[in-house]
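Here are some notes to read beside the model. Take them one at a time, and find each residue as you go.

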Amino acid sequence: MAAFSATISDCPRFLSSTSLPHDAAAPKRKISQCRSFTLPKPFPLSRSSLVYQWGRRKSLNIYVQASVTDISVEKSMDKVNLSKGDMWAVHKFGGTCVGTSQRIKNVADIIISDDSERKLVVVSAMSKVTDMMYNLINKAQSRDESYISALDAVLEKHQSTALDLLDGDDLATFLSQLHHDISNLKAMLRAIYIAGHVTESFSDFVVGHGELWSAQMLSYVVRMNGLDCKWMDTREVLIVNPTSSNQVDPDFPESERRLEKWFSDNTSKVIVATGFIASTPQNIPTTLKRDGSDFSAAIMGALIRARQVTIWTDVDGVYSADPRKVSEAVILRTLSYQEAWEMSYFGANVLHPRTIIPVMRYDIPIVIRNIFNLSAPGTMICRPATEDEDGQRLEAPVKGFATIDNLALVNVEGTGMAGVPGTASAIFGAVKDVGANVIMISQASSEHSVCFAVPEKEVKAVAEALQSRFRQALDAGRLSQVAVIPNCSILAAVGQKMASTPGVSATLFNALAKANINVRAIAQGCSEYNITVVVKREDCIRALRAVHSRFYLSRTTIAMGIIGPGLIGGTLLDQLRDQAAVLKEEFNIDLRVMGITGSRTMLLSEVGVDLSRWRELLKEKGQVADLEKFTQHVHGNHFIPNTVLVDCTADSNVASCYHDWLCKGIHVITPNKKANSGPLDKYLKLRALQRQSYTHFFYEATVGAGLPIISTLRGLLETGDRILQIEGIFSGTLSYIFNNFTGTRAFSEVVAEAKEAGYTEPDPRDDLSGTDVARKVIILARESGLKLELSDIPVRSLVPEPLRATASAEEFMRQLPQFDKDLARERQDAEESGEVLRYVGLVDAVNQEGRVELRRYSKDHPFAQLSGSDNIIAFTTTRYKEQPLIVRGPGAGAQVTAGGIFSDILRLASYLGAPS
């Protein structure tokens, strides 16, 4: 069997770096076969450098020789052909999986428990060892003598692991080889230290030792458990051709030939192979670069036509999105090769794209599994089924999402580009010359501009190269600019079913728009396996969560801020508490209250307020109220794409903030009438902003509490109906008062009763003045298209003129009986005519006016048949002219008002993507 070792001596070759036998049980009689791995002139030395003269040569030529030993005469005479196919299972274990002695034992247990007929196991170096080896080289070529102590740390790590795992002859043999390798590495690193330089080939040879050691230790442990096991140095088998792009292309025919030869000499049921390392056709040691062990496993799986390749890692499988950014990300049970390819390209923690290429050729599935959670089934990457089985759950057209951060957009723009052949070639030729990596390209069909994304660290060089390359065109005006847009991120949606599902792009961009995300650039190939968008870096996580939620891969999550935890606000919080679990489980809606603020105290939370204790928490952990800070906190959580502020106050100062909130992409829901009944110009500005953006402003509870008044009016108008008149009893308080103002009862007596029952405001004059009804009339008038100010509405106030300036509510109530006679007389006149008194608001759309008045209705009129505090509203339209459309129900009370607000919140969730 073959192994490597290197030493510096007078011989112009490095001898085998691992003369350790592959099969400790092999006969003592051996035939040695040698193959040289040449590292040509790795250390060009300056005149001042130390010059080694070996014989008559004055340049340092280093060779690495692979010594193929341990081949018995009997075995060499009896060749065994390599059988390929489903009998083989390939496992790959990364550095984390073999990071400690206990984990190596766990890996051995997994190998032993696999009942496949034959197993090929690919292992990485122990955790952090590859980085330690690169660090050794960096220190040595920087002439930092601490490389010696760093090498001692490498020795100690493997020595202590071997002492835990092995004993007897196995331990002695491994430690002897380990010390031999470390001694050779020390001499090689000394040469690098002297030269101050190292070639890539020499570096690859040094760093590959980590895999050699881990493969040997694992093979010993498997053999100790009674399995026929040998280890393979894949530099003897895998042949690759380096490319100019810091990658390698496998030479499959030559690798297959060498594998068959290796197996004929080393027949075994279990093979433990080194990952990451290989050789060039010239037998020079090299590596498969980063993520090379996965690539090794895929190549080996293709060479032996394995049934399956299992990649063991420390995650449960492939997630629909980065779980650090989207907490609701789910494990995908299956992915097609193309989907995995796309997601890995865009930074998802899946596989390197090239890992998939070898297995695709033979339709070999790759399974991603978690070595620390064996119960998790993982993710299978395979060719998708041609058609769904009966009863199979419909899969989302988008399988997952991935992001790339720290990018910049470069936009080359100018009218002189249109129709000019070679422009794109010149642009990307200049980019290639500076060695920049183009992540994404977007060009409009007008050819007026070409836009592409590059890593932010490379954009300065790219911009300078383009400025230089197109200097003449820029000076002449054929190109208008080479613009750089920094601080960008890419978001990619990936799914093979996107190609056959109409509306995926529309759904994606709709979700981004509703989360108030601006898209800078777009790219989509005709295969439609992915749609790529460029967004601002600070918007990236919100964008990711928004689109993930929209495609039903997670809940529709809304960050909420409750302003005014008084009677209505507190009732709403209690309703949210009681309904939260049902909304999550049955409707996939996660309403997360991130803050509660009153006029003096506010409570902020990073993860969501515990609504079962919100009152106690507000007292215990409350801080001084600051509406601006409150808004920043609720909206500043990048992990939640949508934010809504719910204003449960009647404060005009809070209402004045709505416009700024909507501009920032914050949705607003409120029962507060001040914004919609305030100055007309501000109202029109607010509504115009609402129509122009995807930010929502809902205010159903401003009129009729929980009754569907606003939505009914909008439904009539949107379907082409024309409003003639809206008439209604809009005040629950005044409805109660006039429903009970009958017989010989005094008006002041009924008002006192209503106040005692909690129907009125603390100061009943706020209800009796009619201003609240006037505001509702204004809101409905403006919704109907009338441009009226509050001052345009004549209001019949029920507060006697002498009592309007009374200092207190108590004084007002004490003096009110003195004025009962006037209303008693009106009631008597109405009763004598068979009528009743009702306090109503009226919108006269025909005459473009509104008013609030005390009117008389016959006792058979719907308005005369109310009870309690019910509201009633009659819509007279061109369609409902003879018989008005009537909405009737409770129009006052904390429960119904909070219910109206809650309904608006759920309507918002539906608009943002929750299933209806």
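Predicted model: local features only at pLDDT ≥ 70, side-chain atom pairs only at ≥ 80, totals over all residues.

1. Glu727, Glu849, Arg851, Glu853 and Arg855 form one network, joined by salt bridges that share partners. How many salt bridges are there by this rule? The count comes to 43.

2. Now step back to the whole protein. The chain holds 30 helices and 33 strands. Of its 916 residues, 54% count as buried. Look at contacts with a separation of 6 or more: residues 24 or more positions apart account for 73% of them.

3. Another salt bridge pairs Lys673 with Asp772, with 3.2 Å between the closest N and O atoms. Lys673 sits in the loop between β27 (667-669) and α22 (680-692), while Asp772 belongs to helix α27 (residues 771-783), so the pair ties together parts 99 residues apart in sequence. Are the two partners buried or partly exposed? Lys673 counts as buried, at 16% relative accessibility. Asp772 is partly exposed, with a relative accessible area of 25%.

4. Next, Arg542 and Asp539. They form a salt bridge too, and their closest N and O atoms lie 3.1 Å apart. Arg542 has a relative accessible area of 9%, so it is buried. Asp539 is at 11% relative accessibility and therefore also counts as buried, since the cut-off is under 20%.

5. Find it in helix α17 (residues 567-587). Is Asp574 buried or exposed? It is buried, with a relative accessible area of 17%. Leaving out residues up to four places away in sequence, Asp574 touches Trp614 and Arg615.

6. Turn to a pair of helices. Helix α4 (residues 147-165) packs with helix α7 (residues 209-224) at an angle of about 5 degrees, and their axes are 11 Å apart. That angle is why α4 counts as roughly parallel to α7.

7. Which residues meet where α4 and α7 pack? From α4 come Val154, His158, Thr161, Ala162 and Leu165. From α7 come Trp213, Met217, Val221 and Met224. By class, the contact has 7 nonpolar, 2 polar and no charged residues.

8. Helix α24 (residues 732-740) is mostly covered, with 8 of its 9 residues buried. Which residues of α24 are buried? They are Gly732, Thr733, Leu734, Ser735, Tyr736, Ile737, Phe738 and Asn739.

9. Val359 gives a clear case of burial. Its place is in helix α11 (residues 353-360). Its relative accessible area is 0%, so Val359 is buried. What does Val359 touch, not counting residues up to four places away in sequence? Its contacts are Ala298, Val309, Tyr337, Ile364 and Ile366. Val359 also shows how sequence and space can part ways. Val359 and Ala302 are 57 residues apart in sequence, yet their C-alpha atoms are 5.5 Å apart in space.

10. Last, the cysteines. A disulfide is a covalent bond between the sulfur atoms of two cysteines. How many disulfides does the rule count here? The count comes to 0. The cut-off for a disulfide is within 2.5 Å. Cys451 is buried, with a relative accessible area of 12%. Cys648 counts as buried too, at 11% relative accessibility.

Notes:
Residues numbered from 1 in each chain as written. Heavy atoms only, no water. Helix = DSSP H or I, 4+ residues; strand = E, 2+ residues; numbered from the N terminus. Buried < 20%, exposed > 50% of the residue type's maximum accessible area, 1.4 Å probe, protein only. Contact = heavy atoms within 4.5 Å. Axes fitted to C-alpha atoms, helices over the stretch in contact; angles between N-to-C directions. Parallel < 35°, antiparallel > 145°, perpendicular 65-115°, else oblique. Nonpolar A, V, L, I, M, F, W, Y, C, P; charged D, E, K, R; others polar. Salt bridge = Lys/Arg side-chain N within 4 Å of Asp/Glu carboxyl O.
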